[in-house]
Amino acid sequence: MAKKEIKKGQHKEEHDHDLLENPEAIADSLGKGEAFLKKNSRIVGGILIAGILVIAGILYFQFNTANKDKQAQADMFQAVYYYEQDSLDYALNGDGVNDGFLQILDEYNGTNSANLAHFYTGSIYLTQGEFQKAVDHLGDFSADDFFVQAKAYSLLGDAHMELGQTSEAISAYEKAANYKVNKFFTPMYLNKLAVAYESAGQLDKAISTYGKIEKNYPESYEFTLARKHKACLEGLASK
């Protein structure tokens, strides 16, 4: 059996050796390839053209999106200014000359600016008491920024709480509290989460969450409140 395998291997090596050193063998091999290309030129050409079109389409989409996003940023500048000045109606709907966030979402859908407009729009609707609209827009927002994304989760939780959707609020607050944990904002999100747990009657989880603030964030504003509420809940749980 071993001899057969050796002979088979030797035969292959000899064949490869012929291809490397025999010009006629190389020419024959190239001729076969050329014949295949001639016979299937339409198929091969179609594949090449399709590949070129796909690449061109991707490059055009990226270029077009980048240009749209650049224009959207310029158009959104005034809306952000109105937002920062608490002129929320102008920020949302525009002032008759400059676009508001709703126009940005409509005209520049799919751009980074439109994504950010979802955050602003959702927070405005939350302030105005349009809680379901706030949920819709905040739920459509996503970002890598540790501050803005966690803030969006927190606001989403607030909107769900206002709608009486406690389980959804808990889920949103959990995301906020666990997203890129830091000493500046995490205690606030944990406090909201604990309140939501308490509202849902999940006292053990509320106590545990207040305990995290007490243990891990002793210098935070929420520390004193967390100790107070934790002690109160522990008293209720022991009865």
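Guide: The axes of α8 and helix α10, which spans residues 186-199, come within 11 Å and cross at roughly 25°. Angles under 35 degrees count as roughly parallel, so α8 runs roughly parallel to α10. The crossing of α8 past α10 is left-handed. Bear in mind that this is a predicted model.

Who does the touching here? On the α8 side you'll find F147, A150, K151, S154, D158 and M161, and they meet Y189, K192, A196 and S199 of α10. Sorted by class, that contact has 5 nonpolar, 2 polar and 3 charged residues.

Now for another partner of α8. Helix α7 covers residues 131-140 and α8 covers residues 146-162; their axes come within 9 Å and cross at roughly 150°. The cut-off for roughly antiparallel is over 145, which means α7 is roughly antiparallel to α8. This crossing, of α7 and α8, is left-handed. From α7, the contact draws on F131, A134, V135, L138 and G139, while α8 brings A152, L155, L156, A159, H160 and E162. The class count for α7 with α8 is 8 nonpolar, 2 polar and 1 charged residues.

Staying with α7 for a moment, its residues A134, V135, H137 and L138 are buried. The cover over the buried residues of α7 includes α5 (101-107) and α6 (112-127), along with α8. Of the buried residues, A134, V135 and L138 also turn up in the contact with α8.

Zooming out, the protein chain has 12 helices and 0 strands. Buried residues account for 32% of its 239 residues. As for contacts between residues at least 6 apart in sequence, 45% of them join residues at least 24 apart.

Note on methods. Residues numbered from 1 in each chain as written. Predicted model: local features only at pLDDT ≥ 70, side-chain atom pairs only at ≥ 80, totals over all residues. Heavy atoms only, no water. Axes fitted to C-alpha atoms, helices over the stretch in contact; angles between N-to-C directions. Helix = DSSP H or I, 4+ residues; strand = E, 2+ residues; numbered from the N terminus. Parallel < 35°, antiparallel > 145°, perpendicular 65-115°, else oblique. Left-handed = near helix turned anticlockwise from the far one by under 90°. Contact = heavy atoms within 4.5 Å. Nonpolar A, V, L, I, M, F, W, Y, C, P; charged D, E, K, R; others polar. Buried < 20%, exposed > 50% of the residue type's maximum accessible area, 1.4 Å probe, protein only.
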